[in-house]
Amino acid sequence: DRQTLVAVLQFLRRSNLRESEEILRREARLLGDDLGGSVATVASSSPGVAAVAAVPPGKGGDRGGVAAWGGRPPLPSGTPRDLGGPCASRSAGGVSVMLGRKSVVVEDQPDVSAVLSAYNQQGDPTLYEEYYSGLKHFIECSLDCHRAELSQLFYPLFVHMYLELVYNQHESEAKSFFERFHGDQECYYQDDLRVLSSLTKKEHMKGNETMLDFRTSKFVLRISRDSYQLLKRHLQEKQNNQIWNIVQEHLYIDIFDGMPRSKQQIDAMVGSLAGEAKREANKAKVFFGLLKEPEFDVPLDDEDEEGENEEGKPKKKKPKKDSVGSKSKKQDPNAPPQNRIPLPELKDSDKLDKVMNMKEAARRVRLGPECLPSICFYTFLNAYQGLTAVDITDDSSMIVGGFADSTVRVWSVTPKKLRSVKTAADLSLIDKESDDVLERIMDEKTASELKILYGHSGPVYGTSFSPDRNYLLSCSEDGTVRLWSLQTFTCLVGYKGHNYPVWDTQFSPYGYYFVSGGHDRVARLWATDHYQPLRIFAGHLADVTCTRFHPNSNYIATGSADRTVRLWDVLNGNCVRIFTGHKGPIHSLAFSPNGRFLATGATDGRVLLWDIGHGLMVGELKGHTDTIYALRFSRDGEILASGSMDNTVRLWDAVKAFEDLETDDFTTATGHINLPENSQDLLLGTYMTKSTPVVHLHFTRRNLLLAAGAYSSQ
């Protein structure tokens with residue numbers, strides 16, 4: 001209104017900010033003509049001027065593939081007024097913000113009141129339904145090729161228009177708007193809509209996280225230039241300012257040149273909380289190759305002879321072609337530099353273990369469609385404590401269960417019992433020079449098949465053995481990650497960093513580092529000897545539900561309840577990949593042994609396959625009817641095993657799934673993915689349990705598949 005404008009101009013004159021005053025006068029006169037003489041400056045409830053930089057319609061065109069009106073971030077709420085801060089004048093096409101002669105564009109900080117104040121714009125509440133149905137009619141009547149792409153607008157517009165009505169306290173209009181149009185939204189948004197339907201008053205919006213996420217992160221739509229021009233023309237002809245403003249302020253339109261995408265192509269990629277990933281997000285280079293194995297002499301046959309003598313001939317020295325020994329000779333061109341991140345040195349015990357591993361690998365069964373693995377299922381019976389997590393050591397000698405009664409239970413699955421080190425008093429009696437000192441320090445009296453570890457004060461949601469089998473990690477609802485010694489079966493450290501439940505934790509394949517992810521939406525990277533995290537990976541819009549290290553330990557994948565998977569660089573903490581396509585929270589991740597591919601499983605019962613180098617989805621495996629909690633590749637990567645709450649283990653042909661991939665430049669540039677119609681020809685077998693959901697899968701070094709879960713007697 002005029003009064004405010006005059007007040008601001010007087011303030012600028014008093015503060016001797018002539019230039020800003022001139023600009024505002026000029027701007028006001030110019031805008032005054034446009035708006036029939038009324039100019040409103042925008043002030044928010046926070047001590048600054050919350051304003052959003054945008055380009056009025058028809059100006060600025062498309063810049064660099066991003067629509068000018070989706071491209072600029074909002075201004076922060078805390079810009080001080082008395083510094084001659086930006087005076088924002090609102091025109092029909094948005095807000096242009098001037099400071100001196102320069103436009104100001106600053107990254108926004110989600111301060112609640114400032115974020116919500118963007119909803120202050122008042123359209124006529126009774127016309128919202130008309131606006132929305134008008135656009136709906138336009139999109140439904142457009143050509144088939146554009147309709148699929150433009151239909152992506154329905155959901156974000158529906159949410160923002162509803163929130164705008166609620167924020168401006170038009171509760172009955174909001175209710176009728178919701179009831180009329182919520183049935184039109186895609187089925188995979190049902191859970192979000194349930195949350196939305198409970199927000200019926202302005203007060204509800206203040207503390208609601210989902211709401212804040214939706215407000216602060218721009219919803220990303222990927223649309224071809226033709227469809228985009230069509231939409232722009234329609235909105236300008238109709239002068240549909242309410243929708244135009246929402247598109248400007250809350251959506252990010254990622255425009256590509258070329259053919260519009262088909263309904264199938266779009267459906268495969270959408271469904272996450274903030275729309276699709278921007279194409280820019282998946283452009284960074286990722287070193288997905290494996291690190292060179294350290295070289296040391298392998299006495300392959302001295303101990304083997306006894307074992308092989310029954311058959312008469314001792315084993316030849318050369319291991320099979322694909323065993324670990326032969327891979328280590330040449331450097332993988334896609335591998336990160338050896339010293340990119342500091343990795344722990346190999347101890348003698350690690351070298352011995354590697355030697356054992358190579359021997360086992362020499363006897364490994366080569367799997368394939370003709371030769372499926374045997375599956376050994378460990379069923380936890382009478383697990384009244386509620387089994388919540390399982391892990392198995394790499395050499396398959398121990399299994400651990402995390403339980404809802406806050407205990408961690410470790411079993412030996414070989415005839416060797418679990419022994420802990422003797423007490424200090426007994427240790428002082430041992431002759432330290434004797435050859436078998438390492439045997440003598442172990443206490444035979446307390447040896448048992450099962451050890452129970454007490455310490456957590458809430459359900460244990462994740463467990464992970466260290467590669468050298470000396471340590472065990474567990475994370476819990478109590479917000480801590482604990483490190484246990486498997487020599488003494490006692491807790492060594494409690495890592496406190498998460499303030500909320502921690503859903504998953506995992507050791508790096510090289511030991512020393514580990515990752516945790518939780519309800520506070522961040523993943524943290526730790527080292528066992530630091531009580532503070534080394535890196536905090538922030539970016540997910542909801543709980544981080546599962547975490548996995550890349551085989552070269554330079555990257556970490558996290559799956560989240562925001563229905564995206566992110567890949568993080570351990571070196572600098574950057575997010576280098578964002579994968580969207582799941583329609584529900586993600587609960588399992590597995591990297592292929594060669595480091596090139598990632599498999600992800602979620603509550604939607606689909607397993608999606610991703611090419612990490614190109615940042616593309618390359619496969620979709622349908623078959624499970626419930627959440628997939630376990631995924632594992634066989635040791636040479638020929639088979640992918642998936643385990644689900646539907647009480648089945650399924651085996652998929654990974655070689656076939658990843659061969660002849662179309663990753664040409666066009667696909668990479670536009671995301672036109674062509675998934676095979678039928679994933680059934682990749683399914684090699686389905687194995688039912690009586691009534692046991694599958695929580696964990698593990699391939700032994702010889703490719704026997706171990707599965708685990710707790711019998712449920714429903």
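User: Rings of Phe, Tyr and Trp (its six-membered ring) pair if their centres lie within 6.5 Å. Which residues do ring pairs link into a cluster?

Analyst: The cluster linked by ring pairs consists of Tyr132, Phe154, Phe158, Tyr162, Phe177, Phe178 and Phe181. This is a predicted model, where local features need pLDDT of at least 70 and side-chain atom pairs count only at pLDDT 80 or more, while totals for chains, interfaces and linings use all residues. Residues are numbered from 1 along each chain as its sequence is written, and side-chain values use heavy atoms, with hydrogens and water left out.

User: How many aromatic pairs in the whole structure?

Analyst: The search finds 24. In one of them, the ring centres of Tyr162 and Phe178 are 5.2 Å apart and the planes meet at 55 degrees, so this pair is tilted. Planes under 30 degrees apart would count as stacked, over 60 as edge-to-face, and the rest as tilted.

User: Where do Tyr162 and Phe178 lie?

Analyst: Tyr162 is in helix α7 (residues 154-167) and Phe178 in helix α8 (residues 171-181), so the pair ties together parts 16 residues apart in sequence. Helices (H or I, at least four residues) and strands (E, at least two) are DSSP runs, numbered from the N terminus.

User: Is Tyr162 buried or exposed?

Analyst: Tyr162 is buried, at 3% relative accessible area, and Phe178 is buried at 9%. Buried means under 20% relative accessible area, exposed over 50%, and partly exposed in between, with a 1.4 Å probe and protein chains only.

User: And what share of the chain's residues count as buried?

Analyst: 53% of the 714 residues. The chain has 21 helices and 35 strands.

User: New topic. In what order do the four strands of the open sheet come?

Analyst: The order is β26-β27-β28-β29, with antiparallel pairing. β26 (586-591) and β29 (616-622) are at the edges with a single partner strand each, so one side of each has no neighbour in the sheet. Two strands pair if DSSP finds at least two bridges between them.

User: How many bridges for β26 and β27?

Analyst: Five, in the antiparallel sense, with β27 covering residues 597-602. Ser588 has Gly601 in β27 as its bridge partner.

User: Back to rings. Which residue lies over the face of Tyr252?

Analyst: Lys278, at 4.1 Å from the ring centre. Arg409 lies over the face of Phe403, at 5.3 Å from the ring centre. A charge sits over a ring if NZ of Lys or CZ of Arg is within 6 Å of the ring centre and within 35 degrees of the ring normal.
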